[in-house]
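Keep the viewer open as you read.

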Amino acid sequence: MEYILETFELTKRFARTKGFIDILRRSRNKDVSAIEEINLKVKKNEFFGIVGPNGAGKTTLIKILCTLILPTSGSACVNGYDIVKEDDKARECLGFVSGDERSFYWRLTGRQNLEFFASLANLRDPNKKVCEVLELVDLKDKADDKFQTYSAGMKQRMTIARGMLNDPEVLFMDEPTRSIDPFSAEKLRSFIKEELVKERGKTIFMSTHLLDEAEKLCDRIAIIDKGRIRACGTLNDLEKQIPPNEICNLEIKGISKDILTRLGDMEGISEISTHFSSDIAYVEIQLSKREALLPQIIERIVKNGGKIIACNLKKPDLNEIFMNLVDKRG
Amino acid sequence: MILKKAFLFIKRDFLLSSSYRLSFALQLSGIFLSVLTFYFIALMFEGAAIPALEPYGGDYFSFVLIGVAFSTFLFTGLGSFSGSIRNEQMMGTLEAMLVTPTRISLIILFSSLWSFIFASIKVLIYLLLGVFLFNIDVTNANLFAALIVLILTIISFSSLGIISASFIMIFKQGDPVNWIFNTMSGLFGGVFFPITILPGWLQNISYILPITYSLRAMRHALLQGMSLKLLASDIFALVIFSIIMLPLSIFIFRYAIKRAKIDGSLTQY
């Protein structure tokens with residue numbers, strides 16, 4: 001089996017029901033599309049990220065793949081099991097980590113919580129597994145404290161411990177760093193990448209709206225907006241698919257504002273901003289087709305008496321690709 | 001494996017209930033006050049010959065104590081399934097349970113086990129208080145017949161509770177099944193007075209409620225020690241009710257789960 005997770009034209013439309021009468025009527029023309037014709041393939045041991053703005057359909061997609069919501073059409077397989085027809089088997093191979101820290105019994109201890117969820121995972125030796133996952137997330141010392149005394153970071157590590165109880169093939173993570181501080185978030189990211197993916201060979205399917213998080217962690221990224229996948233691939237693939245503007249910063253001596261303003265008329269320059277400090281002009285140019293355009297820009301500056309004292313090129317990041325995609329098509 | 005799961009559900013709910021110690025203690029002490037209230041009401045009728053009570057031995061206190069005690073199972077059966085779903089939805093734990101390989105029907109069934117155990121403890125306290133403090137005579141009780149009636153009572157009341165849970169699954173609040181059977185059973189089910197007191201046309205309502213057969217059979221088994229043969233008509237009614245309602249309730253519940261999964265509202269509240 002080449003792919004551990006596959007979706008085929010996966011679509012979900014929700015009926016906009018309000019109450020009893022609406023459910024009886026089953027009104028079809030009020031449906032709201034949550035995800036449309038999603039086709040994804042995720043390989044074993046891959047860290048796959050799904051990135052999109054709020055309401056893009058990330059959580060709906062994860063909940064469908066975790067068998068919590070039925071798709072309207074299309075299909076999906078987790079570890080080769082159809083999520084609708086073989087949902088019991090699919091659930092045996094998946095773990096779910098939500099960003100919601102409410103999902104535990106706050107008046108029970110961490111260990112009692114995990115023992116309870118381990119029993120639901122049909123484990124032969126649940127106590128051993130509970131000790132193992134507590135050690136994995138470094139919470140063994142606090143295992144017998146009540147869950148309500150845990151910090152937000154510890155609670156989030158508990159959701160990972162719970163997700164790992166059945167030693168899943170695929171771990172679905174829905175915005176796992178949503179409710180924790182930047183320091184804890186960084187520690188958690190490093191734990192997920194180093195321990196879960198590199199050490200234990202888990203496949204991670206993570207949703208996030210934090211672009212730098214996706215950029216740092218994920219092997220491949222799918223950008224979702226308004227329920228549709230806009231682009232999918234490695235960061236390099238995404239750059240090729242959607243060539244973003246590059247940013248060129250120049251520091252120029254002896255040039256007039258007029259000349260710089262006229263540079264903006266050149267084809268391929270989407271934006272230019274300038275400011276002067278004493279006799280130095282600081283210029284930021286957003287341009288496509290850098291290789292062709294940059295020599296022309298430099299030539300024009302030099303011809304007009306300008307002396308370039310610094311030139312700096314900024315590589316496009318996921319943020320720019322994302323903004324480009326979501327803005328253009330949204 | 002399945003028994004261990006059931007045990008861990010019971011353990012979880014016991015730990016959670018007992019962690020709210022005051023509420024736990026108040027519930028148990030409430031039983032004593034309730035028994036005391038009915039004892040004093042019964043004192044008003046002491047010595048009076050009440051024809052409607054004759055089939056039950058003529059003592060109002062014994063009659064009402066068994067009615068109130070065993071109606072606990074009705075309210076537990078009706079409310080525990082929907083209550084457990086609602087609690088898990090509110091706590092945010094339902095989602096975490098539903099992504100495990102354990103079937104949702106087992107999750108809901110096991111989530112209500114503690115409620116039935118706690119209801120049994122309450123009924124036992126009612127009976128112990130009645131027997132040892134207020135001298136109710138149960139020396140002739142047919143415990144085997146009472147047990148059969150109790151099992152059928154739990155099955156038929158739970159069927160209604162599962163239908164009630166189906167409503168909660170889809171509509172979240174405003175469950176008509178619970179409301180109808182709760183209010184109707186108190187008035188027409190013979191909890192506080194024999195249904196023969198009601199006008200004939202109102203008694204017809206009593207006969208469509210399982211609690212009517214359940215309480216009548218339980219009183220006859222515990223107070224008069226009637227045999228299964230003598231209780232046959234009430235037991236037959238409860239069996240018919242269970243045979244019809246249990247599969248129907250499971251069918252409705254399955255539909256409700258599918259509907260909630262289609263609507264994406266399984267974990268909403």
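What follows takes the confidence scores, then each chain, then the contacts between the chains and a few single residues.

This is a predicted model, in which local features need pLDDT of at least 70, side-chain atom pairs count only at pLDDT 80 or more, and totals for chains, interfaces and linings use all residues. Residues are numbered from 1 along each chain as its sequence is written, while chains are lettered from A and ligands numbered from 1 in the order in which they are written.

**Confidence**

Start with pLDDT, the predictor's confidence in each residue, from 0 to 100. Chain A has a mean pLDDT of 87, with 93% of its residues at 70 or more. For chain B the average is 89, and 99% of the residues score at least 70. Within chain A, the lowest mean, 63, belongs to helix 1 (residues 20-25) of chain A, and the highest, 96, to strand 5 (residues 81-82) of chain A. Where pLDDT is low, the predicted coordinates should not be read in detail. For the complex, the predictor gives an ipTM of 0.83 and a pTM of 0.80.

**The two chains**

Helices (H or I, at least four residues) and strands (E, at least two) are DSSP runs, numbered from the N terminus. On that basis chain A has 12 helices and 14 strands. The radius of gyration of chain A is 25 Å, well over the 20 Å that the globule rule gives for 330 residues, so chain A is more spread out than a compact globule. (That radius is taken over C-alpha atoms, and the rule is 2.2 Å times the number of residues to the power 0.38.) Chain A is also divided into domain 1 (3-241) and domain 2 (246-315), with bounds that come from an automatic or database domain assignment. Taken over C-alpha atoms, the centres of domain 1 of chain A and domain 2 of chain A are 46 Å apart.

Chain B has 11 helices and 0 strands. Its radius of gyration is 20 Å, close to the 18 Å from the globule rule for 269 residues, so chain B is as compact as a globular protein of that length.

Here are some figures for each chain. A residue counts as buried if 20 or more other C-beta atoms lie within 10 Å of its own, exposed if 12 or fewer, and partly exposed in between, with C-beta atoms placed from the backbone.

| Chain | Residues | Buried | C-alpha box along principal axes |
|---|---|---|---|
| Chain A | 330 residues | 39% | roughly 80 × 55 × 40 Å |

**Where the chains touch**

Two residues are in contact if their C-beta atoms, placed from the backbone, lie within 7 Å. How many residues of chain B are in contact with chain A? There are 27 of them, and they meet 32 residues of chain A. Helix 1 (2-19), helix 4 (94-98), helix 7 (143-171) and helix 11 (232-263) of chain B each give two or more residues to this side. Helix 1 of chain B gives the most, with 7 residues. By class, the side of chain B that touches chain A has 14 nonpolar, 7 polar and 6 charged residues. Here Ala, Val, Leu, Ile, Met, Phe, Trp, Tyr, Cys and Pro count as nonpolar, Asp, Glu, Lys and Arg as charged, and the others, Gly among them, as polar.

B:Arg12 sits in helix 1 of chain B. Leaving out residues up to four places away in sequence, B:Arg12 touches A:Tyr105, A:Leu108 and A:Phe116. B:Arg12 is buried, with 22 other C-beta atoms within 10 Å.

**Cores**

A nonpolar core is a set of buried Ala, Val, Leu, Ile, Met, Phe, Trp, Tyr and Cys residues joined through C-beta atoms within 7 Å. The largest has 141 residues, and A:Phe172 and B:Leu65 have the most contacts inside it. Helix 3 (residues 60-91) of chain B gives the most to this core, with 14 residues. A second, separate core of 12 residues includes A:Cys248, A:Ile255, A:Leu263 and A:Ala281.

**Two loop residues**

A:Thr67 is not a glycine, yet its phi is positive, near 70°. A:Thr67 lies in the loop between helix 2 (58-65) and strand 4 (73-78) of chain A, and is buried, with 22 other C-beta atoms within 10 Å. A:Asp138, also not a glycine, has a positive phi of about 60°. A:Asp138 is partly exposed, with 14 other C-beta atoms within 10 Å.
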